[in-house]
Amino acid sequence: MDYELRAPLLEDAAALAELHVHCWKETYSKQLPEDYFTDDHMVARRQLWERLAQDEDHNLRRVVAVGSKGFLGFALAGRNPGSELQLYSLYVASANHGTGLGQELFTAVLGQQPASLWVAKDNPRAIAFYRRNGFEFDGAQKVDPKTSRLIELRMFRT
């Protein structure tokens, strides 16, 4: 599979928003209500990617994977002032699962550094991936305020 890893550009925002929503639908369809994805949700994702493409914060790590047929996945990590590195997002379209792309995106934003992340309780594939990369649960959990069915668990790697 041919692709390139790079920073997102402003002109990528609409396509990345579509990929973002697509990955959420693939990953969380059982945890989210059917009416979760509205037109406003897509607009909000596009605005997010516009901000990410223009943000000059050096603590924010953004990497997208783009191939000949478009965007394949993305990863976002950052460091809030006074806190550890955190993986905010790592998504690869299911058609590209098992190709090593997720690992490359993960490594591009975190390397081997200590970090934290939140993962959906009902996402065994992601949990296994993070465990292979040295993460363990610390017992903390939170519930998405928009849907009580999406429970997230915190993991750390030291």
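**View 1. The largest nonpolar core of this predicted model has 23 residues.** A nonpolar core here is a set of buried Ala, Val, Leu, Ile, Met, Phe, Trp, Tyr and Cys residues joined through side-chain atoms within 4.5 Å; buried means under 20% relative accessible area, exposed over 50% and partly exposed in between, with a 1.4 Å probe and protein chains only. Leu87, Leu90, Leu105, Phe106, Leu110, Tyr130 and Phe135 have the most contacts inside this core. Two or more residues come from each of strand E2 (60–67), strand E3 (70–79), E4, H3, E5 and H4, and H3 gives the most, with five. Helices (H or I, at least four residues) and strands (E, at least two) are DSSP runs, numbered from the N terminus. Apart from this core lies another, of 21 residues, including Trp24, Tyr28, Trp49 and Val66.

**View 2. Helix H4 (residues 124–132) has a buried side and an exposed one.** Ala126, Ile127, Phe129 and Tyr130 are buried. They are on the same side of H4 because they cover an arc of only 160 degrees around the axis, taken from the directions from the helix axis to the C-beta atoms. On the other side, Pro124, Arg125 and Arg132 are exposed. After H4 comes glycine 134, with a positive phi near 90 degrees.

**View 3. Here are the contacts of phenylalanine 135.** Leaving out residues up to four places away in sequence, Phe135 touches Phe106, Leu110, Ala115, Ser116, Leu117, Tyr130, Met155, Phe156 and Arg157; contact means heavy atoms within 4.5 Å.

**Notes.** Residues are numbered from 1 along each chain as its sequence is written, and side-chain values use heavy atoms, without hydrogens and water. Local features need pLDDT of at least 70 and side-chain atom pairs count only at pLDDT 80 or more, while totals for chains, interfaces and linings use all residues.
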